[in-house]
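Hello,

Here is the structure for you to look at. My notes on what turned up follow below it.

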Amino acid sequence: MTLPIERDNNIIDSGTFVAPRVILEMYQKMSFRAFKVWACILTDLAEKDFSFDEQMLPISYIWNVLDCRLSHQRLTAILDELQTTLIKKEEYLTQESVTKISSFSLLGPTEIEINCKDDVTKLKYQLVKGLVQLLRSESNKVLFFIEMRTFISLKGRAGQHAKNIVLLCTPHINLNETPFLKVTELKNFMDLSDSYNNEDGSVNYKIFNRDVLKPAMKAIEENPYVNFEIVGVKTKRENKKINQIQFVLKSRRSIRGLLSNTINDDSSPSDPNALKGLLTTYWASKLKNANTSYQYSVIELLLRQFKLVDKYIAVITSKDKFNKNPAKETERIFAIATAIAQLWIDGQLSKEGSKIYSYAYKIYGNPTTSKIDALCKKFLISNGLIHSQDKQSREIEKEERIAKQNAAKSLMLGLKSYTRNHSQSAIVALDKEAMANLNNEFIIKAKKNALGPWAKKAILKCYENNDLTNIQETLEPVLTRMTLALYRNWITERCCELNVIKERSVVDLINKDHKLKLSMAKLNISPDIDIEEFETTLHQYTSADG
């Protein structure tokens, strides 16, 4: 039985499905409803730092994403489907020249609670260890963001196909095109390997295009939450039959980047996450196909990440030079860009007053091959694109761990200073009347023991020597040391609730201290996470010190 639901305004249906590339590239062999539930679980687990432990997921979140309530039988059927569906990951190990294929169940043990009215009230879940380990290892790399409203608003069979196309295209938005895919590979990705085939086993592209691709692309075009549009489809033929396909893409909404574009900092790339996405996508393809090349517009897009203007780009490369050997010129531009990006991540370009476009222009003008190769190797190892056990690689991995710990320490210091200033700004923003009202509210709550025994004890002690009636200044001078932090936090939270000041946010933290932008890039932390989760993540890095 399926029941309609009323929207719960407290449910954040504008949440974000955060996934590493490896999840997007896995074959999604599940029903659309099952995928939506799985997306809820992955989103929830990402917020909990990919814990191995059993987790509780608010059932209202699932109902919101499904846009309906399900009976416990229907929900159990979906959970059973996830527990019995396998996903596969293929990884080519360049050093050993072997391909490793891993498979995992989508979901581990679950437990649901049902009340006397036969309504599901709770869902506990746990992912299998292999999948959690995979998610943990990939979470340090480039992450891709898809608004959950994308999946909520896609409906029916066309929506199911559109979902797969969205997953396929998302890593390639900044490149303006996907690689050419065999039509059979695309059908496999969409779990349609046994459909749309001729009697001789070949693909019936005409019917596949009519019944699958066109409806899916129409659903994407009409969906306001999909952050790209498909502006064209290119095909290749073999024996007069279409056997390969490529989607030409155009970004139509800004992806939630790892760092805010409102930060105007000439020493940093325009969008570090987009830059890293371009580089990792290229090298992932390059390691499989030595002749990988992109359109010239992608080359220009990459160079503009370093804030290079047209006249400098024209000196570095040109359409004529590119057209003579696209693969060679693509490799040259991307290799030097990778080296510059790694130098920036290492903090080598962060001198006071430095301009990243100045560094980029000089390096492109006089590159040192050995240094470029070494920096590229470091980037590939740091991002898990190549695996090597030689001494140099182990040193790079060790340096990477130390750099992340140091970046986390810098962010922790910045967060403490930001929090201190945020509390002070709350007190400064209050006029005398508002200050007196909040003080009276704090005193009443403290007397009722609503703020804990220390607060009650401190307020009662204050009454022995002070008149606390309508105090129009901060209570800090008369409170004990044990209650100062509690008072400041309470005042700050009330000011946020009353819209006197904005709530703390990671974006605001970085906007107030541009130097922290580099540390954020080193840790690949999204500013879209809440401040408590941000602090927890930093503690995980600093606790691993030593």
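**Loops, then the rest**

Asn449 counts as partly exposed, at 39% relative accessibility. Here buried means under 20% relative accessible area, exposed over 50%, and partly exposed in between, with a 1.4 Å probe and protein chains only. Asn449 lies in the loop between α18 (432-447) and α19. Its phi is positive, about 65°, although Asn449 is not a glycine.

Please keep the basis in mind. This is a predicted model, in which local features need pLDDT of at least 70, side-chain atom pairs count only at pLDDT 80 or more, and totals for chains, interfaces and linings use all residues. Residues are numbered from 1 along each chain as its sequence is written, and side-chain values use heavy atoms, with hydrogens and water left out.

**Overall**

The protein chain has 23 helices and twelve strands. These are DSSP runs numbered from the N terminus: helices are H or I with at least four residues, strands are E with at least two. Of the 546 residues in the protein chain, 48% are buried. Take the contacts between residues at least 6 apart in sequence: 69% of them join residues at least 24 apart. Contact means heavy atoms within 4.5 Å.

**Cores**

A nonpolar core is a set of buried Ala, Val, Leu, Ile, Met, Phe, Trp, Tyr and Cys residues joined through side-chain atoms within 4.5 Å. The largest one has 79 residues. Which of them touch the most other members? They are Phe17, Trp38, Ile165, Phe208, Leu213 and Phe247. Helix α2 (residues 32-47) supplies the largest share of this core, eleven residues.

**The three-stranded sheet**

Three strands form an open sheet with antiparallel pairing, in the order β10-β12-β11. Two strands pair if DSSP finds at least two bridges between them. β10 (181-182) and β11 (228-238) are the edge strands, and each pairs on one side only. Two bridges join β10 to β12 (residues 241-251). Lys182 stands opposite Gln244 in β12. Helix α9 (residues 205-222) packs on the sheet and touches β11 and β12. The direction of α9 makes about 165° with that of β11. Axes are lines fitted to C-alpha atoms, for helices over the stretch in contact, and angles run from 0 to 180 degrees between N-to-C directions.

β11 and β12 are joined by ten bridges and run antiparallel. Glu229 stands opposite Lys250 in β12. The hairpin of β11 and β12 has two residues between the strands. There, Asn239 takes a positive phi near 55°. Lys240 also lies in the loop between β11 and β12. Its phi is near 70°, a positive value in a residue other than glycine. Lys240 counts as exposed, at 78% relative accessibility.

**Helix packing**

α9 also packs against helix α7 (residues 156-169), at an angle of about 80° and with the axes 8 Å apart. The two helices are therefore roughly perpendicular to each other. The cut-offs: under 35 degrees is roughly parallel, over 145 roughly antiparallel, 65 to 115 roughly perpendicular, and the rest oblique. On the α7 side, the residues that meet α9 are Ala158, His161, Ala162, Ile165 and Val166. In α9 they meet Asp211, Val212, Leu213, Pro215, Ala216, Ala219 and Ile220.

**Cysteines**

How many disulfides does the structure hold? It holds zero. A disulfide is a covalent bond between the sulfur atoms of two cysteines. The cut-off used here is a pair of cysteine sulfur atoms within 2.5 Å. The sulfur of Cys495 has its closest cysteine sulfur in Cys496, 7.1 Å away, which is too far for a bond. Cys495 is buried, with a relative accessible area of 0%. Cys376 is buried as well, with a relative accessible area of 7%.

**One more residue**

Tyr463 is in helix α19 (residues 453-465). At 34% relative accessibility, Tyr463 counts as partly exposed. Tyr463 and Val478 are 15 residues apart along the chain, and 9.7 Å separates their C-alpha atoms.

Best wishes
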